[in-house]
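Please read the report below alongside the sequence and the coordinates.

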Amino acid sequence: MSNRDQKGNVLLDIKGLKIDGFSDEKWHEIIKGVDLTLRRGEVMGLIGESGAGKSTLGLAAMGYTQPGCRITAGEILFDGSDLAQLSESEKRGLWGNRMTYVAQSAAASFNPAHRLLDQTTASTIRAKIKPRAEAHSDAKTLYGALSLPDPDHIGDRYPHQVSGGQLQRVMTAMAMSPRPDLIVFDEPTTALDVTTQVEVLSSMRAIVEEFNTAAIYITHDLAVVAQMADVIKVLRYGEEVEEASTRVMLSDPKEAYTKSLWSVRALEKPAQKPSDTLMSLKGIDASYGTIKVLHQVTIEVPRGSTVAVVGESGSGKSTTARVITGLLPQLAGSIEFNGEALPKKLSERSKDQKRRIQMIYQMADTAMNPRQTVRDIIGRPLEFYLGMRGDKKEARIVELLEMIELDASFLARLPGELSGGQKQRICIARALAAEPEFVICDEVTSALDQIVQEGILKLLLRLQDELGLTYLFITHDISTVKAIADQVVVMNQGEVVEQGLKSDVFQPPHPDYTNLLLSSVPEMDPDWLTNLSRQRAETAS
Amino acid sequence: MKKPVQTYSAISESTNFHERRSLWHRIKLAARKSPYTARFGVVVIVLYVLVALFAPLLAPYGEAEVFPAAYEPWSSTYIFGTDQIGRDIFSRMIYGARNTVGIAVATTVLSFLIGGSLGLAAAIDRRWIDQILSRSVDVLMAIPSLIFALVLLSIFGSTVLNLIIIIAILDATRVFRLTRSVAINVVVMDYVEAARLRGEGISWIMRREILPNILPPLIAEFGLRFCFVFLTIAALSFLGVGIQPPTADWGSMVRENANLLQFAQYDLRSGLTPLLPAAAIALLTVAVNFVVDWFLHKTSGLRDEQ
Amino acid sequence: MHPVLGTVLQRLGLGLLTLIAVSIIIFTSIEMLPGDFGQVVLGQAATKDTVAAFRLELGLDKPPHLRYFDWIIGVFQGDLGTSFSGRAASGQDRSREVADLIGPRLQNTLFLGGITALISVPLALALGITTALYRNSIYDRSVNAATLTTISFPEFFVAYILILFLSSLTQWLPSLANVDSDTPLAERLHRIVLPVLTLTLVIIAHMMRMTRAAIINLLASPYIQMARLSGASQTEIIIKHALPNAWAPIATVIAFNLAYLVVGVVVVEVVFVYPGIGQLMVDAVTTRDIPVVQGCALIFAVTYILLNLIADVIGIITNPRLLHPK
């Protein structure tokens, strides 16, 4: 039953909204004059990169300004009243009653001292929408509608006793309990695994449709927004870029920026011819203390190619990287590098062996010493491994900077003065400075915006071409795998589930886990989720 | 497939870049924006340091010089009067700055050397060294400092050297805890792991990766520890088991002249005399606390609501 | 077994171990006395035989670990040894049992500390919570400035200022708090007004600041923002959302400050000449009466450890993750 075509009157009308944020001892404009119109029962997707102001706008739609922010102009008309002019107590009457909020991190947003059922129904009871008994039984019905296990009793639990995906759904039930006119979803599935995300998304969409609630869905993931929204609005640097209905936006975007967002997923590496093995892991077992985390892991990495290791959290991908670098010596099995056995402990390896294997980390913020300049960060490996000094070193640093598409003006900068993408590039340059053969990329694009991701991936591919590098690319994102891998290794719970050429792994038939993983990845087709849900329901029955 | 549109270039990504100012410029800027309490604190501290350094030049009489006039009221010859033996209180106050503050500084520096290096060691080697040190520190901290100091002083005697060593060791436990916790936060960072993977030695990692990143909280803690050490030594001296006469020391001066307080209703100024060294102690501690408070506020980047 | 019980027992065991370790340290300290202390205690005129008899009495001929066990067993039986004072070179022994000396003094100190705690804890909590709620208001800023100055003052300074204004100049209150076992309750309370006031001022300053910091930290949690966004009023947020999670940090603050009180009491007793265990210890240190010093130190340490233990246990039994395990 789709109510998407039955839209009602205008519920929310934001006109010329301007919001300032306080940082670095000054006020900066975060939202620079945005209009937003939302009708009853309509779902609007708000997308943009980090810093675009989506969260601020979403909260402003409820009339809420975070500490350190202030509204400087514009009006926020909710059903006729201007939220920007209302007092705190008047707004409080609306919150948890006619407008509700679903936060990004459910785990942090629940009070650890109260049961889930009490928290779910608290605002409903407070606003006197339903008496206690009725609110509780209604909450249990909502739990069931959201496909939570044991809906009658799950509410008796405490937040830490329930998993992340379940908590997100409980939070959705909490948002739905007072039957609000508007729900603001703030990146609700960003922190979840891909397979969990699918379940949560379909539950959320089902319930929003059932009660014909208006919603603002904030996300940076284009495929997700395609499933959830009727209308999509693109934000960039606090301003609106474009707005259109979903189908129109996906098939025919008008603005250049919007088009570039969409094209990101089109990258795909052509197949490569095979070559000799540079590194091979055979039968690796590893454990943290008494807990066994890797079971008989066997991976072959051909020279000059990219092997993508894909899996969800807890699959053992990062642990495999630690074994290769020698930080976690294996309990059993061997590693061969360049035809020689690699000592399992880092301290037993030669400087040259250490030099040839380099690692790039996921979070560039913590991968660089905040007190060292770019010159020091890139310069140290040159000094340490290659003994370079003085002018020669300086010239080589500039060369490396140009290789990563930056320039000499960055030499004196500190990491805090760089953007996310620039930071990651410096990390890449640091790895290149050692002139390695084998580079482990540990989720290097996962923390970046989509456009920036594309830039980094293209850079990595170009470098591989020019320098003959071999990559072990760890990721949980399937589209990244499609973009840059030659071979794919699928891992689940410390074991290798499948391994082979990209084309082979992505063709059916698949082992069960690979099937689950691949099918759970959202695609840019608005009907994808509907089709998948129907498919899975049919398989289950 | 359409050719992807070029809207992206790495160099032009928006960043937090602002012109980096020189250290001197930054100090001037900070000074202009500081609250009055912090400015007051800095002025007081500088004053005390100057008095301590130039004590022999500033004091009219010697530290232990005895005059045949005990308990003299305030006059033009003896600005704050004389004490129970006949020594000039004003001169002893000035020398007291040098002794009390000097001993406190030496003790704090020693405690930081001991506690800081052990804390770093515990943070880096998280297995044996950390366990042994942390357990020992837990036990040492289970006895209140003042009490423990009293026990040790009763055994070893109250010489200046014993005082410095005993208080330094007891205080080093707190410094150890703080250094360890702050250093652990840094040690788990990827850039430390990257340095390890490179094969950098322990001392390089400590010097270049860890130390620069733990300085701000350590500097603040130095100020706070100084206050604590200063007050503890003053208290011990006041109790008679700290700095011994004839060395001029503010804590013992309070005790020596305490009974003058009873005469306040007759001669207010004499009554105030025992409060002078105590006030001197209080003033320095307040000043340091104000400055540390402001420093913490600046470096933690806490945003108070407007 | 319920995890809470397990964790509490673990914590108690750890506390016991710490106590044992501390007792060993206090005991070992006497080992470090210079060899001729027997001579020092008894005086220059003492003969070799007298000194030897003295050493025999102290059991110094036995090996250290046996002496330690003797001492510990003695402690459990209430025997903390005999004081060094009162011993003459002639061998005449008018020394008193340490336990007899400490007993009444301990009572007095507990009385003083108890009254102080009764007044200061509720007051400090109230101030700490209200300043955290009305953060950055004039009220908060002035209380903050006042407490920042007070915690910087040495206790004797606060004590003497109070004496100056409330006793010397005005003669309202006595400046000496000498009580004994016969003093009636009303008179006692009158005599200890100034010491209690001094301690209260110092403790409140510390406790209030720590409470304020703990509450501010709590109020910054994401679930507090979430509660706001679901329409909860300020009162409801404090009482229903913040408070249940505040027990652990507040218990830690109180225990920490009561432990601080234990130490602060020493200076205050000396200033006001109050016959408590603090003054006893200071006198014993000055005369190097080691058994008394040991006994007092042991009692202080036990109190300190006990208070920290209680704080830890409160933190454990109010932790929802332990109360309701997966």
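Is Ser147(A) buried, partly exposed or exposed? With a relative accessibility of 46%, Ser147(A) counts as partly exposed, in a model that is predicted.

Most residues other than glycine have a negative phi, and most peptide bonds are trans. Ser147(A), which is found in the loop between helix 5 and helix 6 (164-176) of chain A, has a phi near 60°, a positive value in a residue other than glycine. Asn338(A) is not a glycine either, and its phi is positive at about 55°; this residue is found in the loop between strand 14 (332-337) and strand 15 (340-341) of chain A. Asn338(A) counts as partly exposed because its relative accessibility is 30%, a value between the limits of 20% and 50%.

In chain B, the peptide bond that runs from Pro245(B) to Pro246(B) is cis, with omega near 10°. Pro246(B) lies in the loop between helix 9 (202-239) and helix 10 (250-256) of chain B.

## A six-stranded sheet in chain A

Six strands of chain A form an open sheet with mixed pairing, in the order 6-7-8-3-9-10. Strand 6 and strand 10 (239-245) of chain A are the edge strands, each of which pairs on one side only. On average, neighbouring strands of this sheet are turned by 15° against each other, direction ignored.

Strand 6 of chain A runs parallel to strand 7 (residues 182-186) of chain A, and four bridges join the two; within this pairing, Met99(A) stands opposite Leu182(A) of strand 7. Both faces of strand 6 (residues 99-102) are covered, with Met99(A) and Tyr101(A) buried on one side and Thr100(A) and Val102(A) buried on the other. Elsewhere in chain A, strand 3 (residues 43-47) and strand 9 (residues 231-236) also run parallel and are joined by four bridges, and Leu46(A) has Lys233(A) in strand 9 as its bridge partner.

## Nonpolar cores

In soluble globular proteins, nonpolar side chains tend to be buried together. The largest nonpolar core here has 128 residues, and those with the most contacts inside it are Leu236(B), Trp250(B), Phe156(C), Tyr160(C), Val271(C) and Met281(C). Leaving aside residues up to four places away in sequence, Met281(C) touches Ile147(B), Leu150(B) and Val151(B) as well as Val293(C), Cys296(C), Ala297(C) and Phe300(C).

Chain C contains 15 helices and zero strands, and buried residues make up 48% of its 326 residues. Of the contacts in chain C between residues at least 6 apart in sequence, 71% join residues at least 24 apart.

## Aromatic rings

A pair of aromatic rings is described by the distance of the centres and the angle of the planes. Over all chains, a search of the whole structure finds 15 aromatic pairs. One of them is the edge-to-face pair of Tyr64(A) and Trp95(A), at 5.5 Å centre to centre and with 70° between the planes. This pair links distant parts of the chain, 31 residues apart: Tyr64(A) is in the loop between helix 1 (54-61) and strand 4 (69-78) of chain A, and Trp95(A) is in the loop between helix 2 (88-94) and strand 6 of chain A. Tyr64(A) counts as buried at 3% relative accessibility, and Trp95(A) is buried with a relative accessible area of 2%.

Phe153(C) and Phe157(C) form another edge-to-face pair, 5.0 Å centre to centre with 75° between the planes. Phe153(C) is partly exposed at a relative accessible area of 25%, whereas Phe157(C) is buried at 7%. In chain B, ring pairs link Tyr48(B), Phe226(B), Phe230(B) and Trp250(B) into a cluster.

## Charges over rings and a buried histidine

In chain A, the charged end of Lys351(A) sits over the ring of Phe384(A), 4.3 Å from the ring centre. The charged end of Lys482(A) sits over the ring of Phe506(A), 5.7 Å from the centre of that ring.

His136(A) is found in helix 5 (residues 132-145) of chain A, and it counts as buried because its relative accessibility is 13%, which is under 20%. Not counting residues up to four places away in sequence, His136(A) touches Leu117(A), Asp118(A), Thr121(A) and Ile125(A).

Technical notes: Residues are numbered from 1 along each chain as its sequence is written. Chains are lettered from A and ligands numbered from 1 in the order in which they are written. This is a predicted model: local features need pLDDT of at least 70, side-chain atom pairs count only at pLDDT 80 or more; totals for chains, interfaces and linings use all residues. Side-chain values use heavy atoms; hydrogens and water are left out. Buried means under 20% relative accessible area, exposed over 50%, partly exposed in between (1.4 Å probe, protein chains only). Two strands pair if DSSP finds at least two bridges between them. A nonpolar core is a set of buried Ala, Val, Leu, Ile, Met, Phe, Trp, Tyr and Cys residues joined through side-chain atoms within 4.5 Å. Contact means heavy atoms within 4.5 Å. Rings of Phe, Tyr and Trp (its six-membered ring) pair if their centres lie within 6.5 Å; planes under 30 degrees apart count as stacked, over 60 as edge-to-face and the rest as tilted. A charge sits over a ring if NZ of Lys or CZ of Arg is within 6 Å of the ring centre and within 35 degrees of the ring normal. Axes are lines fitted to C-alpha atoms, for helices over the stretch in contact, and angles run from 0 to 180 degrees between N-to-C directions.
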